[in-house]
Each structure stands twice: as C-alpha cells, then as structure tokens.
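Me: Can you walk me through this one? Keep it short, please.
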Amino acid sequence: MLPEKPFLPITSRDNPRLKHLRGLLEHASVRRKSSQTVLEGIHLLDAYQRAEKIPDSIFLAESAQTHPEVNDLLDAWPSVARFVLPDALYKEMRTLGQGIDIMALIDTAFTALPEQLDADVLILEDVQDAGNVGTLLRTAAAAGIKQVICTTGTALVWSPRVLRAGMGAQFGLQVIEHADIREILERLTIPLHATSSHADQSLYALNLRTPIAWLMGNEGQGASQIALENAISVSIPQPGGQESLNVAIAGAVCMFEMVRQRLI
C-alpha cells in the first residue's frame with residue numbers, strides 16, 4: 001500500500017495553487033488553457049472515486065479533516081496531494097452552499113471526433129443552459145449511451161455548473177466538445193433523429209432497436225436547419241397542448257423510449 005500523503009497547509013489567498021484553483025472555478029478560458037477543472041463537494045468526488053479515477057490534488061477546509069466521508073475518500077487516494085485551508089479562506093473559494101468543504105483539481109483530456117460514428121450517440125447542438133446539459137449527460141449515461149458530442153455553442157461539459165447538474169455522469173462517458181455540426185453529419189453512419197414540434201412522425205411510431213444518433217437542439221431555436229435536413233424529424237405527442245417540452249425532458253423521453261423498445 002502506498003504511504004499516505006501528509007496534509008499541507010495553505011494560509012494565504014495569494015498562494016499560487018489557490019489562484020489557479022480560483023481561476024478554474026471562475027473562468028472557462030483557464031479551464032480550456034490548462035485542460036483542468038474543479039470538482040466541488042463530497043458527492044462529485046465520491047462519483048469520481050467510484051469511476052476509478054484519481055485527481056491531481058485535493059483541497060479541504062480544516063473542519064472537514066475529521067469528517068468520515070472525507071476520510072473514506074482520502075483513504076482511497078493515499079498518494080494524492082492534499083492541502084488544508086482555514087475555514088474562512090475555504091469559504092472565500094467555494095461556489096457551493098453549506099456542506100462538506102472539499103474540492104479536487106482534475107485533468108480533463110481532449111477527445112477527438114471519431115472518423116466514424118456508428119454506435120448510439122447523443123448530439124447536443126447549441127444547448128446553452130448548464131442545467132439542461134448536465135441533465136442530458138446524466139440521462140444519456142442512465143440510458144446506456146456512452147458517447148456525447150457537443151457543438152461549439154453548447155455549455156462546457158467540464159464547467160462547475162454542468163458537473164453539478166450531471167452528478168458525475170461525465171466520468172463514465174466519452175465526451176467530445178467544440179465539434180462542428182457539418183463534420184458530425186459527415187461522419188454519421190447511423191440514422192439521425194431530431195425532435196421538432198413541427199414534425200408529423202411520432203416518436204412512438206419509430207423502430208429504435210438499432211443504433212441511433214439523437215440530436216437535441218438549442219432551447220429557443222431548436223435544431224439547426226442543416227441538422228433537420230439530414231435527420232428524421234420526430235415529435236413527442238403532447239395531449240395537453242403545450243407548444244414544446246424542455247430540451248432535457250424531451251431528450252429523456254426519447255432516450256428512454258429507445259430503452260423501452262430494446263427491453264421488450
């Protein structure tokens with residue numbers, strides 16, 4: 001067993017590690033440039049550990065050192081550097097509300113768009129709300145979809161807000177960001193399905209038992225014209241008469257209709 005790393009104190013807000021951590025929490029440009037992000041809170045760190053991944057370093061408040069859940073995580077990562085901050089200094093850093101004060105710095109690897117897309121895939125085209133993106137990632141993981149592709153206008157998957165909304169779903173997915181919709185379309189070898197309130201074909205009339213690409217579009221504009229021109233447009237029946245569904249709800253309905261059909 002590896003020897004456990006000692007707790008290293010940080011007492012100054014001008015500490016370079018803290019400055020970098022604060023930059024990752026607050027600025028997408030810092031996350032992109034360093035290919036790193038921050039997991040904040042015990043639940044995200046626990047999900048990262050269960051995914052058998054190892055963080056770069058851990059930061060916690062003095063009062064969290066004796067918490068049983070914190071100790072379990074630290075026992076699982078004995079070789080990871082750990083830094084302890086006075087409670088007041090940690091509170092200046094955190095973006096979560098009151099809870100167990102712990103966060104971890106992790107690396108985020110770049111994944112290139114595959115030459116061929118031939119397995120179930122979720123495509124997020126300019127989905128801008130962090131909550132919607134995180135929910136769609138979590139739903140895709142639950143439905144057994146392993147690959148998610150995000151176009152350039154989509155909220156960044158490794159931002160703290162999307163990480164929280166996804167509840168760690170990112171850790172079990174192959175996520176590709178900053179993709180161009182035209183390049184995605186060129187590499188698809190399976191049918192593309194896009195939801196549209198103007199489509200005549202019902203979701204429930206489709207055969208969803210073979211590999212499928214699902215495309216979920218922008219909250220206000222929906223799927224782009226080029227996507228719709230290359231997709232099977234489907235509608236979700238709404239007897240209540242609403243104009244449209246929230247994109248994350250629509251995605252969940254589609255993906256789990258696929259699951260239902262494949263379990264019959």
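Reply: Helices (H or I, at least four residues) and strands (E, at least two) are DSSP runs, numbered from the N terminus. This is a predicted model: local features need pLDDT of at least 70, side-chain atom pairs count only at pLDDT 80 or more, and totals for chains, interfaces and linings use all residues. Residues are numbered from 1 along each chain as its sequence is written, and side-chain values use heavy atoms, with hydrogens and water left out.

Me: Ok. What stands opposite Val121 in strand 10?
Reply: Ala213 does. Strand 6 and strand 10 (residues 213-216) are paired in the parallel sense, over four bridges.

Me: And how many bridges join strand 6 to strand 7?
Reply: Four, and these strands run parallel. Strand 7 covers residues 147-151. Ile123 sits opposite Ile149 there.

Me: Which hand is the crossover from strand 6 to strand 7, right or left?
Reply: Right-handed, a β-α-β crossover through helix 6 (residues 130-142). That term applies if, with the strands pointing away from the viewer, the path from the first strand over the helix to the second runs clockwise.

Me: Which way do the strand 6 side chains point?
Reply: Val121 and Ile123 point one way, Leu122 and Leu124 the other. All are buried, meaning under 20% relative accessible area with a 1.4 Å probe, protein chains only (exposed is over 50%, partly exposed in between).

Me: Switching to cores. How many residues has the largest nonpolar one?
Reply: It has 54 residues; Leu122, Leu124, Leu136 and Trp214 have the most contacts inside it. A nonpolar core is a set of buried Ala, Val, Leu, Ile, Met, Phe, Trp, Tyr and Cys residues joined through side-chain atoms within 4.5 Å. Helix 10 (residues 247-263) gives the largest share, seven residues. A second, separate core has 19 residues, including Leu113, Ile123, Ile184 and Ala213.

Me: What does Leu136 touch?
Reply: Leaving aside neighbours within four places in sequence, its contacts (heavy atoms within 4.5 Å) include Leu122, Leu124, Val127 and Met255.

Me: New topic. What order do the strands of the five-stranded open sheet have?
Reply: 1-4-3-5-2, with mixed pairing. Strand 1 (7-9) and strand 2 (36-40) are at the edges with a single partner strand each, so one side of each has no neighbour in the sheet.

Me: How does strand 2 pair with strand 5?
Reply: In the antiparallel sense, over five bridges; strand 5 is residues 102-107. Leu39 stands opposite Ala104 in strand 5.

Terms used:
Pairing = 2+ DSSP bridges.
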